[in-house]
Amino acid sequence: MSLKPPPLSNDCFALPPGVSWTPVDEALAHLQARLTPVAAEDVVPLGDALGRILAEDICAKRSNPPQPNTAVDGYGFAGGRADGPHSLALVDGRAAAGGAYDGTVPAGMAIRVLTGAALPNGVDTVVLEEDVTTDGAQVAFNGPVKAGSNTRTAGEDVAAGDRILSAGRVLTAADLALMAATGLAQVPVRKRLRVAVISSGDELLEPGAPAAPGQIYDANRVMLLGLLRQCGYVAVDMGRIGDDRAALRAVLDRAADQADAILTSGGASAGDEDHVSALLRESGALQQWRIALKPGRPLALGMWSGTPVFGLPGNPVAALVCTLVFARPALGLLAGEGWQQPEGFVLPAGFAKKKKPGRREFLRARVRAGKVEVFKSEGSGRISGLSWAEGLVELPDGALELKEGDPVRFIPYSSFIGS
Ligand code: AMP
Ligand code: MG
């Protein structure tokens, strides 16, 4: 069973006409409305399901606990006991976890019980071992003891048939425990989303290669491949391509063949050497997104042979911000995770800042001593600031005059990445 969901339509990235600079929220709402899962379904053993995305809702096959049991080591009997001293004769035998007592405990008698043991017939109440004296034939203790004390009822945690996890969930270690306890051994998951990464530009070199003047090392590819792996996807490295349309066409063909989605960086604007946008335009599926966002350059979105392409700006700062803000949640939908809204934290600013209205701004930021610090330079060429930062501060679309101590929204990188 590995049914591939239907492909996306060629116009899935088409924004409403007439809008020159699209607000961030509008662009996000568009992605959210138009993208659907493309990753096929699969079934894996429970032990292999960590970090995988649930393809279907999961219902408990068995209750937890499956039967009433004792929460402590002690002595079990029927009913509560009033204030004052009590003494009960003990039956022979005991009930232990995994070693049930087959008989029935007569009214007025007690039985030795160990934590986790199913309550024997005739027992609904347990008194703690520490609260009794015993000679092996009788137990004595002081009331009051409430009926039902120190026991767990069947299904008090989860009842058989309850929905325990929802489709789209990225499975945690605790989720595996929950499924194990409730009788599941095979898990319906999505196949891991495969995402190809291509760098484009004549100036780019492989890290470590001898560099001539004018050449720079390809920083985006390792960054994007790394981010994709952190998201739990299969990152497919398609290498670097010069500003050569035929070569780029060939690598896009290979990427569309091997992956469910493609990230390119560089060449996404409208210039002569911007071959990503040129090729997507040729294929009739280019949507040039001009988003009211800083740092951001035009994004070239489109379909290549049925595979969605996110044409990111070449500038590493813009590439990272656009990936976290747009590509990441879009890929989450394609992967079957549903729309992931990154969790932000409102904290006092450790900086002052003035901004004009008209576009949203993301600053490289981190939190120290409860305050949000921003990187010393907003220069978009500063890769060191990406690395210095531990997340982004999101400043609203409108004008702003921020003083130190004012609340700002900090979104850790890990909130964008999720799970
Ligand atoms: P582009 O979007 O192709 O116009 O590139 C914008 C800027 O980003 C240029 O200065 C490029 O040299 C730079 N750039 C493009 N791709 C990369 C990359 N993979 N790694 C580092 N810098 C890049
Ligand atoms: Mg370029």
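## Cis prolines and the model

Let's start at Pro295, which sits in the loop between strand 19 (293–294) and strand 20. Helices (H or I, at least four residues) and strands (E, at least two) are DSSP runs, numbered from the N terminus. The peptide bond that joins Lys294 and Pro295 is cis, with omega about 0 degrees. A cis bond also links Asn64 to Pro65, where omega is about -10 degrees; Pro65 belongs to the loop between strand 2 (58–59) and strand 3 (69–70). As background, most peptide bonds are trans.

A few words on conventions: this is a predicted model, in which local features need pLDDT of at least 70 and side-chain atom pairs count only at pLDDT 80 or more, while totals for chains, interfaces and linings use all residues. Residues are numbered from 1 along each chain as its sequence is written, chains are lettered from A and ligands numbered from 1 in the order in which they are written, and side-chain values use heavy atoms, with hydrogens and water left out.

## Positive phi in two loops

Ser305 has a positive phi of about 45 degrees and is found in the loop between strand 20 and strand 21. Ala369, in the loop between strand 24 (360–368) and strand 25 (371–374), has a positive phi of about 50 degrees. For context, most residues other than glycine have a negative phi.

Are these residues buried or exposed? Ser305 counts as exposed because its relative accessibility is 61%, and Ala369 counts as exposed because its value is 84%. The classes are buried for under 20% relative accessible area, exposed for over 50%, and partly exposed in between (1.4 Å probe, protein chains only).

An unreviewed UniProt entry carries the annotation "domain: MoaB/Mog" for residues 196–333. UniProt positions are given in the numbering used here, feature names are shortened, and annotations may be inferred rather than shown by experiment. Over residues 196–333 the chain is 37% helix and 28% strand, with its end C-alpha atoms 16 Å apart.

Helix 5 spans residues 275–282, and six of its eight residues are buried. These are His275, Val276, Ser277, Ala278, Leu279 and Leu280. What packs over them? The cover includes strand 13 (194–200), helix 4 (245–258), strand 17 (261–265), strand 18 (287–289), strand 20 (299–304) and strand 21 (307–312). After helix 5 comes Gly284, with a positive phi near 80 degrees.

## Around ligand 1

Which residues come nearest to ligand 1? Of the 14 around it, they are Glu203, Asp218, Ala219, Gly267 and Gly314; a residue is near a molecule if one of its heavy atoms lies within 4 Å of it. By class, this shell has five nonpolar, seven polar and two charged residues. Here Ala, Val, Leu, Ile, Met, Phe, Trp, Tyr, Cys and Pro count as nonpolar, Asp, Glu, Lys and Arg as charged, and the others, Gly among them, as polar.

A polar side-chain atom of Glu203 lies 2.5 Å from an oxygen atom of the ligand. Gly314 places a backbone N or O atom 3.0 Å from a ligand oxygen atom, and in the side chain of Asn220 an N or O atom is 3.4 Å from a nitrogen atom of ligand 1. On its own, ligand 1 has 480 Å² of accessible area, of which the protein covers 71%. Such areas come from the Shrake-Rupley method with a 1.4 Å probe; for residues, only the protein chains shown count as cover.

Asp260 lies in the loop between helix 4 and strand 17 and counts as buried because its relative accessibility is 15%. A polar contact of 3.1 Å joins the side chains of Asp260 and Lys4. A polar contact is a pair of N or O atoms within 3.5 Å; within protein, one must be able to donate a hydrogen and the other to accept it, and residues adjacent in sequence count only if both atoms are side-chain atoms. Setting aside residues up to four places away in sequence, Asp260 touches Lys4, Val38, Arg192, Leu193, Arg194, Thr307 and Pro308, where contact means heavy atoms within 4.5 Å.

Lys353, in strand 23 (residues 353–355), counts as buried because its relative accessibility is 13%. The side chains of Lys353 and Glu378 form a polar contact of 2.9 Å. Asp244, in the loop between strand 16 (234–241) and helix 4, counts as partly exposed because its relative accessibility is 37%. The side chain of Asp244 reaches the backbone nitrogen of Ala246 at 2.9 Å.
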